[in-house]
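Try each one before reading its solution.

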Amino acid sequence: MAQEATTETAGKLVIRNIGLILSGMLERPILDGDAIVAIDGKIAAIGRLKDLDTEGARTIVDANGATLAPGLIDSHVHPVAGDWTPRQSQLNWIDSSMHGGVTTMISAGEVHTPGRARDIVGLKAMAIAAQRAYTNFRPGGVKLHAGAPVIENGMVESDFAELASAGVKLLGEIGLGGVKDGPTGRKMVEWARKYGIQSTIHTGGPSIPGSGLIDKDIVLETDADIVGHINGGHTALPDDQIRCICEGCKRGLELVHNGNERSALFTLRTAREMNELERVILGTDGPAGSGVQPLGILRMVSMLSSLGDIPAEIAFCFATGNTARMRQLDCGLIEVGRAADFVLMDKAQHSPANSLLESVRLGDLPGVGMVIIDGLVRAGRSRNTPPATRIPAVIAG
Ligand SMILES: [Zn+2]
């Protein structure tokens with residue numbers, strides 16, 4: 001259920017009997033241990049239950065042998081207002097995504113807002129309003145970083161300074177507004193970067209009537225922090241251009257569910273050949289013409305692992321630690337001091353696999369058994385995934 005941002009602190013949370021801990025770190029994707037302690041929403045200790053201080057827990061979760069991973073991060077969404085999207089006239093899409101294990105979302109622009117302002121004062125006001133609204137209102141407890149203005153011609157440096165001082169930390173996809181050329185894009189990206197605002201560029205053909213083609217030359221010249229949907233949203237660039245982008249910069253390579261799956265696999269192979277898998281991050285690009293995908297991030301993890309021949313524990317890093325590092329978030333990794341955002345999963349009932357990781361490698365979706373955000377249990381067994389074999393339980397709290 002949608003809810004206000006909570007001012008409640010979580011107190012002490014102990015999660016015990018964890019079957020497997022996925023860290024979100026490419027360099028060490030599986031951690032030793034069967035328990036995690038969090039205090040007031042931050043991870044305090046990871047290890048064996050017998051070695052940890054579990055006194056005074058307000059909440060105890062028995063994971064019942066399920067796998068724990070960092071809460072999933074959707075690097076590319078288009079929110080509008082609350083938990084409503086006019087794109088497919090849907091309600092509760094964010095809460096539904098939380099049931100797919102997503103605990104953090106990044107706005108790539110509130111571009112579906114009916115009547116969205118394209119004049120400079122208007123687009124700044126809209127971005128600031130969206131930043132405030134999603135700070136104050138968290139559907140399903142999901143942390144949605146919104147307030148991502150789409151740049152327009154005529155913006156000057158002081159506009160970026162003003163946005164930053166008002167709390168705006170992101171640009172919406174470059175190319176969805178009037179700026180569609182490399183030199184203007186680059187100038188504005190540099191201004192944004194100077195004031196601590198991260199940028200993303202639309203890559204590929206137009207998404208919907210009104211957006212435009214952004215090819216490799218514009219992507220490389222603009223040099224945004226994230227190459228947004230390098231696999232197209234949905235129309236991808238030709239493979240040789242995707243390779244040029246991968247080789248021509250060190251920026252984030254974002255693969256989205258609402259893109260071209262073959263191109264996503266091509267990008268993945270290219271990044272792996274370059275030994276730069278740390279650049280691969282995942283999004284849904286929902287809501288969009290292709291709809292809303294509550295399980296979109298899990299579907300990408302499973303697709304890339306099974307068809308891209310990537311160990312499942314590595315594929316989960318694309319949706320957690322890689323994104324957190326690339327976007328400087330305090331979540332996404334199982335590490336002391338990080339946000340206590342977790343998804344507990346197991347292989348789906350009747351999956352032929354012997355384990356969660358093997359089931360993902362075979363292309364099945366995991367069953368989500370519990371979602372925890374900021375140390376608070378936000379959902380038990382998912383209403384959206386196939387049912388997990390083993391389900392965690394809250395045994396105190
Ligand atoms: Zn786009």
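This is a predicted model: local features need pLDDT of at least 70, side-chain atom pairs count only at pLDDT 80 or more; totals for chains, interfaces and linings use all residues.

**Exercise 1.** Work out how α2 and α3 are oriented to each other, and which residues of α2 meet which residues of α3.

*Solution.* 
Step 1. Locate the helices. Helix α2 covers residues 120-136, and helix α3 covers residues 157-165.
Step 2. Take the geometry. The two pack at an angle of about 20°, and their axes are 10 Å apart.
Step 3. Apply the cut-off. Angles under 35 degrees count as roughly parallel. Therefore α2 is roughly parallel to α3.
Step 4. α2 and α3 cross in a right-handed way.
Step 5. Name the residues. From α2 come I120, K124 and A127; they meet D159, E162 and L163 of α3.
Step 6. Sort the contact by class. It has three nonpolar residues, three charged ones and no polar ones.

**Exercise 2.** Decide whether α6 and α7 are roughly parallel or oblique to each other, then describe their contact by class.

*Solution.* 
Step 1. Locate the helices. Helix α6 spans residues 239-248, and helix α7 spans residues 261-273.
Step 2. Take the geometry. Their packing angle is about 40°, with the axes 10 Å apart.
Step 3. Apply the cut-offs. Roughly parallel needs an angle under 35 degrees, and roughly perpendicular runs from 65 to 115. So α6 and α7 are oblique to each other.
Step 4. The crossing of α6 past α7 is right-handed.
Step 5. Name the residues. α6 contributes D239, I242, R243 and C246. α7 contributes S263, F266, T267, T270 and A271.
Step 6. Sort by class. The contact of α6 with α7 holds four nonpolar, three polar and two charged residues.

How values were computed: Residues are numbered from 1 along each chain as its sequence is written. Axes are lines fitted to C-alpha atoms, for helices over the stretch in contact, and angles run from 0 to 180 degrees between N-to-C directions. Helices (H or I, at least four residues) and strands (E, at least two) are DSSP runs, numbered from the N terminus. Angles under 35 degrees count as roughly parallel, over 145 as roughly antiparallel, 65 to 115 as roughly perpendicular and the rest as oblique. A crossing is left-handed if the near helix is turned anticlockwise from the far one by less than a right angle, and right-handed if clockwise. Two residues are in contact if their C-beta atoms, placed from the backbone, lie within 7 Å. Ala, Val, Leu, Ile, Met, Phe, Trp, Tyr, Cys and Pro count as nonpolar, Asp, Glu, Lys and Arg as charged, and the others, Gly among them, as polar.
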